[in-house]
Amino acid sequence: MFTLIQQAPLSAKIGMVIILLNLLTILLAPQMAPYGETELVGDVWAPMSSEHMLGTDQLGRDMLTRVVYGARNTISIALTIVFLSFVVGCSCGLLAATMGGWVDQTIGRLVDIIMAFPTLIFALMVLSVMGTSIPTLIGVIAILDSTRVFRVSRAVAMDIEVMDFVEVARLRGEGLWWIMRNEILPNALPPLIAEFGLRFCFVFLFISSLSFLGLGIQPPTADWGSMVRENAGAISFGIYSPMYPAAAIAILTIGVNLVVDWMLNRSSLLRT
Amino acid sequence: MVGLELLQRLLSEGKVSRREFIAQAAALGATAAFSQSIFASNAFAGDEPRRGGRLRIGISGGSTTDTIDPAASTDMMNQILINGQLGNSLVEIDHENKPIPELAESWESSPDARIWNFKLRKGVEFHNGKTMDADDVIHSLNHHRGEDTKSAAKVIVDSIEEIKKEDKYTISIVLKSGNADFPFLLSDYHLIIAPATSDFTDGIFSGGYILQQYEPGVRAFATKNPNYFKSDRAFFDEVETLGINDVNARTNALKTGQIDIMNRCELKTVHLLKKMKGIEIIRQNGFKHYTFAMQCDTAPYNSNDVRLALKYGVDREKLLETILRGYGSIGNDHPISTANRYHASELPQRQFDPDKAKFHLKKAGITDASFDFHTSEAAFSGAIDAGVIYKETAAKAGITINVVREPNDGYWSNVWMKKPWCAVFWGGRPTEDMMFSTAYAADAAWNDTSWKNNRFNELLVTARAELDEAKRRAMYVEMQSIVRDDGGVVVPMFAADLAATSDKIAHGPVSANWELDGLRAPERWWFKS
Amino acid sequence: MNKLAAMITKRIVFGVLTLFAISLLIFVGVEALPGDLAEAILGQNATPETIQAFRTELKLDLPAHERYFAWINAFVHGDLGKSLANGRPIAEVIGWRFANSLLLAGATALFAIPLAIILGLLAAIYRDSWFDKCISMVTLSAISLPEFFVAYILIALLSVQIFLFPSISNINDQMSVFQKMHAIFLPCLTLAFVVVGHMMRMTRAAIINVLSSPFIEMAKLKGIGRKRIIVKHALPNALSPIINVVVLNLAYLVVGVVVVEVVFVYPGLGQLLVDAVSKRDLPVVQASGLIFAATYVFLNLTADVLSMLSNPKLRNPR
């Protein structure tokens, strides 16, 4: 494992460092943050200074503190959502592709219905009925996202499913799970990994879109998406505080995807 | 210079006239040039109003489900269209918060203020060419009355027992009980007069502009009414009203010159907007206030000590400074604004006092409780932040507040009047009686604190019919003090209305009863030459 | 080709069933929302009597199933009904907005899709070069930013700082085509930022995936140039996932752009739908929801047909 990391190209190492830093931030947020998560410490939108390294936000809370605590809330929520949606989406997708027939049809039509339902309206309705608690938020986004994962994983698996080696395995009399696990999944992995990298950052976007409509994460909890939203009005006046959480999202996304790219590389190298 | 600043504020609030201002300013030692410069910067351009041009208003508060019917008018885009451009009421409120004649020429009441006679203006022509008479007025008022009306103004005209036509240009209105402020009620933005044949959906009224195009929530376009009965009003040739709900979009549109007027500036950024060249901020200190309403019949808020503890636990200055960026004034736990006639300035201002809050909490026998405070941006802009700040400051008094964010969607039907403690927006009312009768009387439909105080309710009825100014004042002061010390509302602050215009726009002293010069900006304002 | 025709027919039947299921879901969803039209419209001004008057007039007091059947009956007879909130015919309320939504989506797709595929191809051709890395970084940062954030930045730069394009895109009938294009430039650019990254990355990944197939190895051994391999051999075989991601993004451009509509004050269908949901104006929610769903079903069908045509193995029965 260690040598593997050592051999990784520079870009992947940068990616890993970014992810590691984020993980550290999650673990050590209370120690790293100079102030309390919701503490009002200064003037509104104060510029950078020695007391407030990134200035303050729209209520006069320390920006650095908010970004640090935001990492914890945002990443853990995003990870949970992506994980859930991949578990649900991939297993349904692979199942549909391998089984074909009525299974494929049933799942496919069900997903069609969910996907054809305008996403934001779906979220708007469910969150209005169930309330905007974090578990509901996670559930709703995970379900919506899993349909996308299903589409991609099914499409990829379908392409592989008609390949000769799957046919061979079938003829050998291998079971369904064996084929899914040993033949299809490894071959379908690269596009799925790429999808993972993108899904991960789409979750931030979705949460911030929801907070644009007033349905996001509950304040005063810090999360990057909502922070961008709350501070966005300042941009056209040349105040850059909304940039910091946005930059945090962008950097993490780039970090994750650098590592994803490297894994893609390796998996395609392995096969050649 | 303190005196001068005060004077300037009074001027902007319409408490002194321009002539008085110059005289007073001179007495304070300011040069004539100085006072003129204040007028110039405040767009009292000094010259006569100029006619012409196309006014473009970017307005918040439009929805694609709006209709042109005044009875259904609940938000700003339709109000500024129906009340500010297309139609008129019987009574208008001027910049000194006094009722002045509009479609009614004059009025008088019986000594018990129960029967009111209104003489109607002659020769007023509707957009379809019909001349206005008593039948039109009665038809229009009845639109909001009766069993099956859907009007949002039903509550306002509920006090009317009967409307009688005396002759072609006189009506007499009999009230269920005396009300000295009745003309104020008739200035309400729902009570627009339309022809007797109207079903209120065609936009035909008597106002200074004629509706040409209307797409609900998106755009309305109106052109000047050549036969308008007011000769010194409605200066623009055309008025385009654009629904722009996103505050940043509104601000950007004003900055890039795509609109001339915007309402509801974003408080977070208004100080930055103020510094920009070519933009004027218009501030109106009106009746608008925010309350944190506690249900007085629900534990723990049925204990007045809990209510007092929460009233002492709020840092008003901090909220005013952070949420309103100072554009407003702190409240004294009653809903009567300094712009109201009988505001009780003699009551001591309640301050943030952790010790008193602790004392009352202890007296209530509550040591370790947390209070769920329900809030949403739908309550008022900044309501969630206000909750967060409240939570932070109340913690210093040992009070644990749990901020519960509710969805914007459905806030008024699911949270307000349902949750035991929530954030509420009040546009306020131009008279004490309207405000108290709407939300504090025991039997009021919107008594959102379920508060019942016998002395208060007695005074409310007596004061309403009292025509003697001094006696009325004493009663209203006592009522304010009762609400302050016993009522179920924390009133942390009154919010000023902030609008912004391009510096090409000029106007006289503004009315504070509603946003944008009492909704009359399209009628009263003009382009500088 | 018969198989294709059969599949299309089958899919259309399923499509209609999907729409029916969605209409039912929308109805149940709106019913489940707390409050009804009367309360939503009157808001803070509501009193029990006025709410009752509303309900009686609009027949909101009938049982739910009766209202649903009345609606679906009118719908299958071609009558979309009237908006409950303001009584306007729904065809009139929706028609021009849907045209606007299509205009915005079409204008964006017209330059975003070719751009994304070309960038994806280039990135695959010059894989691991500085060009690949740069483009990857830029697109990743672009898609990781919330769309309203991108929009505000573009407005700040191209509208407030230097006035090149208007900051609000409230197009109307009196405008010429050129004026409309000028007005919708910023929303198009914002949306392009959002979709190009996703499509470009999936294109690149799909092509790289195909590149590891044996037949490409064979082509390499034959000494065919890298560019030629990618364009002539890899691209056709990677079409299926690329078409899928393009279609997903097209659907997003039509259906999911409500935030951009709000920021640029663009009169599209998304804003109408959100307003209608918040006012519980059921016929409008139904009609616009179904239009979105139909768009999606149609695009999906197109994607499946195209994937089928592009993949020889899928084309022929096993």
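Q: What share of the contacts in chain A with a separation of 6 or more comes from residues 24 or more positions apart?
A: In chain A, 69% of the contacts with a separation of 6 or more join residues 24 or more positions apart; a contact means heavy atoms within 4.5 Å. The structure is a predicted model, in which local features need pLDDT of at least 70 and side-chain atom pairs count only at pLDDT 80 or more, while totals for chains, interfaces and linings use all residues. Residues are numbered from 1 along each chain as its sequence is written, chains are lettered from A and ligands numbered from 1 in the order in which they are written, and side-chain values use heavy atoms, without hydrogens and water.

Q: What makes up the pattern of chain A along the sequence?
A: The pattern reads α-α-α-α-α-α-α-α-α-α, and chain A has 10 helices and zero strands. Helices (H or I, at least four residues) and strands (E, at least two) are DSSP runs numbered from the N terminus.

Q: How much of chain A is buried?
A: Of the 272 residues in chain A, 62% are buried, where buried means under 20% relative accessible area, exposed over 50% and partly exposed in between (1.4 Å probe, protein chains only).

Q: Why is helix H15 of chain B called mostly covered?
A: Seven of the eight residues of helix H15 (residues 432-439) of chain B are buried, and helix H15 is therefore mostly covered. Among the buried residues of H15(B) are B:Glu432, B:Asp433 and B:Phe436. The buried residues of H15(B) pack against elements of chain B including strand S13 (289-294), helix H16 (454-465) and helix H17 (469-486).

Q: How many residues does each chain bring to the contact between chain A and chain C?
A: Chain A brings 57 residues and chain C brings 63 residues. Together they bury about 5,200 Å², of which 71% is on carbon and sulfur atoms; buried area is the accessible area (1.4 Å probe) that two parts lose on being put together, summed over both.

Q: What is the largest nonpolar core?
A: The largest nonpolar core has 176 residues, and A:Leu210, A:Trp224 and C:Ile207 have the most contacts inside it. H8(A) gives the most to this core, with 16 residues. A nonpolar core is a set of buried Ala, Val, Leu, Ile, Met, Phe, Trp, Tyr and Cys residues joined through side-chain atoms within 4.5 Å.
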